[in-house]
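Reader: Hello! Could you show me how to read what I am about to see?
Author: Gladly, let us take a look together.

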Amino acid sequence: MKSLLTTVFLFAITAHSSFAQWDGHRPDGHSSINIMGDHTHEKGEIMFSYRLMHMLMDGNRDGTDELALSEILGGTQGTGSYMVAPTEMPMIMHMFGAMYAVSDNVTLMTMIPFLDNSMDHLTAMGQEFTTESGGIGDISVSALYTFFRKRNMKMHWQIGLSLPTGSIEEMDVTPASDPNETILPYPMQIGSGSFDFIPGLTFLHQTSSISYGVQLRSAIRLTDNDNDYRLGDRFETNVWGGYRLTDWLSPQVSARFSTWENISGADDRLNPAMIHTADPLLKGGSRVDLGVGLNLMAPENTSLKGARLGISYEVPVYQYLQGPQMQLTGIATVGVMYSFH
């Protein structure tokens, strides 16, 4: 990932461009709405944002192979070894954000997520049921520091911390626990339960009609949580580009390369022999997502000056899962931003 950033950086330095300096007040001056921490602000500028994200997982996969339910379930439903299999998991997230530039070089950022999860299941006896969870997720706070500017290029660090504000005690009723509630497996918990370090590095380059960027970003778990486990570390490389079609419209493309590790430790209330979502050793994997979108920006001479609208849709083109695990189908994101001095 570091070599990718270095290659793009060196190419941009040697590339010819008549554009004088980076301009964030363009529709392509921000990345696709699905990427965060991509930009900074001028001293005294404030920005509020809201994103609505819908992620759908549908079906199961082991390695790069999609699995039929009959390969997971035992009993009358198949030749597998599990008593329960997840079939579909839609997740809706409302993300509220705020940014404030204390100087031209330092921008502070906080993100507050609210999650609404549900997971459909099929048992080895042919019974269907659904579990649900929701609430505030892990709040993050970050500082973005711009350390490099040269004409139409910028680079900034992100130094962030995710706080364990999301619940790891989500419970619901299942056929095995009815009428009582039982602890839900790891994917249905809405927080990590730990303090997580969020480092990032972003490179930006712009011409008179095109803006693009490369971002390296991680989530590194610093501690075990109160339930004696630690989510796996996550590493991402985001690449995006936007074309300045008009002064208010920019089509966007993006690519995300992500990898994540298995959970260490375990919540001993879960039974990994019952369902694979309860197995901490079946959580690692890697994925490549491609996205398309639009950025719209209100004209400077209107009452909506400072307002932006972003739309993005991502689909996986490669998934390798240390499974069985649920596989991703797609992620849709729509968001609004408003900035002012």
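Author: Let us begin with a term: contact means heavy atoms within 4.5 Å. This is a predicted model, where local features need pLDDT of at least 70 and side-chain atom pairs count only at pLDDT 80 or more, while totals for chains, interfaces and linings use all residues. Residues are numbered from 1 along each chain as its sequence is written, and side-chain values use heavy atoms, with hydrogens and water left out.

Reader: Which residues is Met89 in contact with?
Author: Leaving aside neighbours within four places in sequence, Met89 touches Met55, Leu56, Met57, Asn117, Ser118, Met119, Pro187, Met188 and Met326.

Reader: Which members of the largest nonpolar core touch the most other members?
Author: A nonpolar core is a set of buried (under 20% relative accessible area, 1.4 Å probe, protein chains only) Ala, Val, Leu, Ile, Met, Phe, Trp, Tyr and Cys residues joined through side-chain atoms within 4.5 Å. Here the largest has 23 residues, and Met55, Met57, Met89, Met93 and Met95 touch the most other members. Strands (DSSP runs of at least two residues, numbered from the N terminus) E1 (46–63), E3 (84–101), E4 (106–123) and E17 each supply at least two residues of this core. Its largest share, 5 residues, comes from E3. Another core, of 10 residues, lies apart from it and includes Phe129, Ile168, Ile183 and Tyr186.

Definitions and conventions:
Buried means under 20% relative accessible area, exposed over 50%, partly exposed in between (1.4 Å probe, protein chains only). Helices (H or I, at least four residues) and strands (E, at least two) are DSSP runs, numbered from the N terminus.
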